[in-house]
Amino acid sequence: MAIAQFVVNGLLVGALFAAVAVGFALIWGVVDIINLAHGEMVMLGGYTAYWLLSIATGTAEGSVLLFLATLPVVIAVLFVLGYVLQRTLVSRVIGTDIFLTLLVTFGISIAIQQLAIQAWTANPRSIQVGFADPSLIVAGVVIPKMKLVAFFGAIVLTAILYLFLQRTRTGRAIRAVSQNPEAAALVGIDVEHTRAVTFGISSAVAGGAGAFIATILNIEPQMGLIYTLKSFVIVVFGGVGSIPGALTGGLLLGVVEELTAGLISSRWTLAVSFTLLIVLLVVKPQGLFGTGADE
Amino acid sequence: MSTKDDTGLLRSVLPPERVDQLFDLCGTHSWKLILLSAVIGALPPVFGLREGYMMTVISEMFLFAILALSWDIVGGQTGYPSFGNMAFFGIGAYTGAILLKDFAVSFPLAVVTAGVFATVFAAIIGLIVLRLRGHYFAIATLGVLLAAQQISRNLEITGGASGKILFDVPPGIVFYYFFLGVLVAEIIVVYYLSNTRFGFILNAIRDDEGKATAMGFNTTYYKTAAWMLAALFTGLAGGAYGLFNTFIDPQTAYNGAWNVELIAMALMGGTGTVAGPVIGAFGLHTIIEYVETAFVGWQLVLLGLAVIVTVIGFPKGVVGSLREYANEMDYYERGGMAATDGAADGTDAATDANDPEVTTDE
């Protein structure tokens with residue numbers, strides 16, 4: 001029964017990893033940039049929700065509805081931040097050496113992380129969401145209600161992103177730019193604007209996931225790099241540009257981490273994740289779902 | 001990046017021809033210059049600087065110059081920008097500390113073993129990650145660094161999260177001359193290699209690995225050799241660092257901030273050059289040290305901003321920008337070909353990005 005519990009825990013957390021990874025994959029596919037500051041967007045999303053709740057209630061506690069009410073603000077804030085970052089900084093290195101694009105986002109990552117430490121200290125924080133009856137028990141497996149809410153929140157975020165890309169005009173523009181920027185420009189798409197919107201959307205989804213992460217795990221200024229690397233593991237596993245692949249990868253990573261934590265020790269989860277990254281890159285760099293980075 | 005108009009003053013004081021002559025002069029007398037720098041570096045303790053803050057700061061400058069120059073062997077010369085060089089440093093630091101503390105090995109033997117361990121580690125990891133290119137290589141190396149850090153945190157022999165405290169620390173002057181000695185040795189090796197067949201092949205791999213392979217070079221061999229050379233010097237520095245710092249733990253041995261600093265140093269000085277990373281290390285470490293004392297806690301904010309500004313503003317670094325400035329006159333002398341070099345570089349990089357990211361050796 002313990003195994004079932006670990007698997008359920010893993011799936012619940014894994015959906016959040018997937019939501020973070022989807023945004024990471026989107027930037028990679030459309031702007032052709034590995035955004036090493038992606039994890040910082042998760043962190044900032046978590047802190048935005050935390051401070052909004054703190055302002056509203058005096059402490060970082062509240063009901064589910066109050067917490068969910070902060071989400072639109074979190075998403076808006078992170079969208080603007082992502083848009084501005086792409087427009088002012090990242091756009092300047094697109095098309096140059098890959099090393100420079102990596103380094104500029106690495107620089108952004110450090111600057112944001114360190115500013116966050118200066119502003120909010122390095123202490124871990126979390127949002128306490130109150131429930132009258134905090135857990136469900138289904139067939140002997142304990143499911144905390146907040147984790148369930150976070151799970152569905154992450155799925156909804158991912159689904160909205162998917163529908164947005166498939167159904168809306170902006171979504172089609174984003175896909176066009178990802179396939180061929182020159183041709184997209186020829187048919188009248190503002191490529192720079194579209195890339196910045198992509199960056200904004202990706203950051204917004206990461207921020208939304210970050211807000212949920214703040215309710216079920218801890219947030220701290222230095223958490224970003226870990227989420228960036230987890231996203232990379234997931235995207236490499238699922239294939240660049242495949243949202244179903246990222247979702248599967250996220251859920252699987254969550255399960256692997258929870259099983260490691262449960263069966264070995266929680267100290268080994270990160271070591272296992274990062275080793276998995278290297279193994280995956282060596283064994284299957286094209287991913288299991290996508291057709292590889294050259295698409 | 002320097003535009004024609006904003007360098008009017010510079011142009012009158014220091015015209016491009018003069019800079020070009022200066023480069024030529026440095027080229028002809030390079031060995032004498034290296035010797036002279038080594039002697040100047042060795043002088044402060046002779047004139048009484050034997051302990052205290054300044055001594056530590058200068059030793060650290062030498063240390064960082066070693067790390068930045070090692071990074072550049074693979075990142076700058078070979079075109080494989082690693083984001084995990086601190087893994088070699090950490091392996092070296094732990095090897096040194098464990099040998100000194102648990103096996104009571106003498107300091108020189110511990111340091112040499114640390115260098116050897118880091119090199120062997122690099123050979124094994126290199127065979128895996130050097131098959132990857134571009135984004136994949138960069139992230140894989142970052143993964144190696146973080147995996148090594150996490151594993152060191154969890155093992156018994158490394159002292160876990162609390163690390164190892166070392167006693168019987170030799171006087172600071174030992175480390176001063178040790179780091180200086182390793183740095184000078186590394187400068188000599190890298191400079192010597194940059195004018196050999198080995199160095200040219202590394203540069204060929206950077207410029208176009210496909211063509212280098214097509215010319216019959218076993219690029220995997222050269223890449224791994226360069227990677228091991230970088231690990232050797234980084235590991236030697238790491239081996240001594242544990243004792244220099246009197247303690248190591250996973251945070252200091254695999255220092256994430258240093259990991260960025262050493263790349264930033266190579267970048268600011270000028271990647272793919274010998275002098276660049278060394279100049280960058282001295283310059284950036286001075287600035288960071290100053291900010292660290294004057295505005296505690298803000299040094300890493302500054303580092304992040306400095307990286308962004310350098311990447312966007314002058315990605316060729318000090319030496320690279322000067323070289324570009326000096327070569328301006330080539331436009332007239334060689335009939336305009338030199339002027340288009342920059343544009344050609346840009347398109348090369350853009351097409352590289354679309355290449356399949358995994359190299360096929362067979």
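At what angle do the axes of helix α6 and helix α11 of chain B cross? Roughly 145 degrees. Helix α6 covers residues 107-129 of chain B, and helix α11 covers residues 219-245 of chain B. Their axes come within 7 Å. An angle and a distance are how two packed helices are described. There is also a handedness to report: α6(B) passes α11(B) in a right-handed crossing. Now look at the residues in this contact. They divide into 17 nonpolar, eight polar and no charged.

All of this comes from a predicted model. How confident is the predictor? For the complex, it gives an ipTM of 0.84 and a pTM of 0.85. Chain B averages a pLDDT of 83. In that chain, 88% of the residues score at least 70. Over residues 1-5 of chain B, pLDDT stays under 50. The model has five contacts beyond four places in sequence for those residues. Over residues 342-362 of chain B, the pLDDT is also below 50. That stretch has 25 contacts in the model beyond near neighbours in sequence.

Next, turn to the database record. In an unreviewed entry, UniProt lists several stretches of chain B under "transmembrane region". Compare the record with the model. Residues 173-193 of chain B are 100% helix and 0% strand. The end C-alpha atoms of that span are 30 Å apart. Residues 225-248 of chain B are 88% helix and 8% strand. Here the end C-alpha atoms are 29 Å apart.

In the model, residues 6-29 of chain A are 100% helix and 0% strand, with end C-alpha atoms 33 Å apart. Residues 64-85 of chain A are likewise 100% helix and 0% strand. Their end C-alpha atoms are 31 Å apart.

Finally, see where the two chains meet.

Note on methods:
Residues numbered from 1 in each chain as written. Chains lettered and ligands numbered in written order. Predicted model: local features only at pLDDT ≥ 70, side-chain atom pairs only at ≥ 80, totals over all residues. Axes fitted to C-alpha atoms, helices over the stretch in contact; angles between N-to-C directions. Helix = DSSP H or I, 4+ residues; strand = E, 2+ residues; numbered from the N terminus. Left-handed = near helix turned anticlockwise from the far one by under 90°. Nonpolar A, V, L, I, M, F, W, Y, C, P; charged D, E, K, R; others polar. UniProt positions renumbered as here; feature names shortened; annotations may be inferred. pLDDT = per-residue confidence, 0-100. Contact = placed C-beta atoms within 7 Å.
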